[in-house]
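This briefing concerns the chain shown below.

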Amino acid sequence: MNASPDTRRAAGPGSPWMVRAAFASALALALLACSQPTDRAEGGSTDTGNTIVAVTGAVLDSAGVSAGRSDLSLRRKDYLAPIPALGKFGAARKIERDLFDTVTDASGGFRLEGLDTGAYRLEYRQGNALGGLYDFTAFPAKRAQDLKARKLGKVAWVGGRVSLRPDALRGFVQVYGMSRLALVNTATGNFELLLPAGDFTLRFVDPEAGAQGVKTRAVTVAAGDSLDLGDLSLRDSTAAYPEWSHARRLWINTTKTGSPMADNVYDFPMLVRLDESLIDFAQAGSKGADLRFTKAGGKIPLAYEFERWDSAQHKAEVWVRMDTVRGDAADQSIFMFWGNGAAKDSSSGAAVFSPAQGYGGVWHLGEGSNDAGFPGYLDATGNGNTGHGFAISDTTVGPGAVGRGQRLDGNGAYIKMPDAPSLDLGTGDFCITIWARPDAIFRSHQLVSKRVTQAGDYEFQLRADAHVESYVGDSVSSEMLPSLGTLGAGQWHLLAMRRSGTTVGYYVDGVLDTAKTLAVAHDLDNASDFFIGHDAQNLAEDWQGGLDEVRVSHRAPPLEWLRLSYLNQAAASKLLSAERP
């Protein structure tokens with residue numbers, strides 16, 4: 001299955017391309033054909049009260065010259081080509097494929113008028129060898145929307161083999177947002193599609209098998225690709241989410257072109273930042289309740305937790321628990337599914353930041369005191385270490401290092417969590433991490449602390465000389481470890497205080513700054529409350545600046561784990577991409 005898509009037969013009942021029936025009629029309608037579209041998205045909505053006047057654009061050939069009389073096919077993003085009813089004797093009637101909507105003018109331009117608001121996919125092509133896609137959203141009350149010029153590119157061949165039920169009469173492959181309806185050969189199981197470069201969700205259907213005869217698959221193809229999807233079974237639906245209408249593959253790149261990391265990292269909470277380039281928020285359920293993640297095969301669900309879902313701003317942050325992130329690899333991926341209005345929210349912080357994996361407390365600090373039903377600053381682990389704000393108004397919540405965070409004013413504003421065994425560190429390994437952005441540095445500024453009588457105490461602070469200092473102590477002795485480097489005001493940094501055995505180290509942005517091996521591992525159990533931005537023994541040392549993502553763990557993760565945490569969470573992260581590296 002390595003033949004070039006340019007040389008593949010495109011005619012006949014199994015052709016992946018649409019039959020050009022009544023082409024002369026389509027030419028006569030030309031650019032006005034889309035002013036009264038005949039195709040509606042199957043299962044999609046129409047908003048006839050909010051239309052835009054026009055969408056314009058142009059199609060160019062590979063040399064950037066106008067490509068006149070290029071074929072255009074416009075469909076809603078959730079459109080599915082209809083599956084025909086069975087005729088006599090169990091044979092499928094002839095498939096009436098959708099017509100192309102229109103063609104470009106002689107100079108390659110087009111103007112589509114009277115579209116309802118919503119998400120669309122516009123395919124342009126010349127013959128069976130060249131094509132491309134526009135994915136766009138028609139916004140209400142906008143008088144004109146320019147889609148800019150796009151070049152034609154070589155189409156890709158996508159094929160594979162589908163195992164139907166022994167008594168299956170037929171099988172089909174649909175493509176969301178396109179008028180594709182490929183037949184599955186009931187004897188061999190083979191199917192094939194010709195697709196322009198882009199991201200697609202394929203829907204494999206055994207129409208007579210009901211819900212169990214449906215499987216979806218996310219596919220990303222580049223221009224000119226030849227992609228064999230291998231064997232897929234519809235004998236029973238083994239996909240984790242067969243009834244979800246949309247899917248996208250996210251690639252994880254730990255090579256030098258992404259977030260370089262030499263070794264594997266295990267049991268890692270991976271941050272997935274979403275925007276409108278990765279997901280159409282209008283297609284997802286309320287508050288993202290239908291969002292799901294799986295491993296690359298699409299069968300094994302991954303635990304996840306929403307930190308934020310803001311459909312109005314088209315932004316979301318989601319933590320996905322990865323059992324393994326492979327080092328120096330560009331071929332690892334996960335799948336994201338959405339598009340099932342009946343799905344219930346399965347977000348779970350405790351499943352991602354599990355106490356069984358050593359987490360004592362995790363606070364995303366994205367809550368605002370004016371939020372509806374403000375519950376306090378929630379602990380994602382399920383340990384119940386909810387934080388309570390003091391002298392904090394809603395103006396303190398704002399942009400953080402990840403989603404929303406807190407800004408404390410340095411004048412009595414802090415967050416307190418009541419004493420709990422899960423926040424006592426004993427004599428074992430531990431790690432405390434926190435994103436911090438000091439507004440000014442003119443005295444000691446507390447990051448976190450849990451101490452009351454200098455017995456079983458620990459704290460993490462920024463000194464007046466801009467060095468970060470960690471402190472551990474028990475009733476016998478104590479140790480302070482100042483950093484070698486200094487912090488600058490106005491910049492976010494991921495700071496970590498880590499103990500492994502009797503060695504205490506300080507890390508900044510995933511890099512070891514300094515470490516010291518102590519004579520003993522101090523017993524860090526005490527009856528004090530846990531504070532963020534405050535020290536109960538030094539009341540004039542409150543934090544002034546931004547804080548985010550505070551975590552207390554009873555384990556000492558490897559250096560590579562801390563490094564990946566920074567590379568993943570930093571604003572300019574290159575760890576994840578919808579494009580294959």
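The secondary structure of the chain comprises three helices and 37 strands, where helices (H or I, at least four residues) and strands (E, at least two) are DSSP runs numbered from the N terminus. The model is predicted: local features need pLDDT of at least 70, side-chain atom pairs count only at pLDDT 80 or more, and totals for chains, interfaces and linings use all residues. Residues are numbered from 1 along each chain as its sequence is written, and side-chain values use heavy atoms, with hydrogens and water left out.

**Overall make-up**
- Of the chain's 581 residues, 54% count as buried, that is, under 20% relative accessible area, with exposed meaning over 50% and partly exposed in between (1.4 Å probe, protein chains only).
- Of the contacts (heavy atoms within 4.5 Å) between residues at least 6 apart in sequence, 73% join residues at least 24 apart.

**Nonpolar cores**
- A nonpolar core is a set of buried Ala, Val, Leu, Ile, Met, Phe, Trp, Tyr and Cys residues joined through side-chain atoms within 4.5 Å.
- The largest has 42 residues, and L274, L291, F293 and W309 have the most contacts inside it.
- At least two residues of this core come from each of several elements, including β17 (265-275), β19 (304-310) and α3 (559-569).
- Eight of the eleven residues of α3 are buried, among them W561, L562, L564 and L567.
- Not counting residues up to four places away in sequence, F293 touches partners including Y241, V272, I300, V318 and F335.
- Another core, of 35 residues, lies apart from the largest one and includes Y377, I415, V468 and V504.

**T381**
- T381 is found in the loop between β22 and β23 (388-390) and is buried, with a relative accessible area of 1%.
- Its side chain makes a polar contact of 2.9 Å with that of D379; such a contact is a pair of N or O atoms within 3.5 Å, one able to donate a hydrogen and the other to accept it within protein, and residues adjacent in sequence count only if both atoms are side-chain atoms.
- The T381 side chain also reaches the backbone nitrogen of N383 at 3.0 Å.
- Beyond its neighbours within four places in sequence, T381 is in contact with A350, F353, P355, Y359, G360, G361 and V362.

**Second largest pocket**
- A pocket is an open set of points on a 1 Å grid over the protein atoms alone where a 1.4 Å probe fits, with protein on both sides within 12 Å along at least five of seven lines; lining residues have an atom within 4 Å of a point.
- The second largest pocket is lined by 27 residues, with F306, E307, R308, W309 and L378 nearest its centre.
- β19 gives the most to this lining, with five residues.
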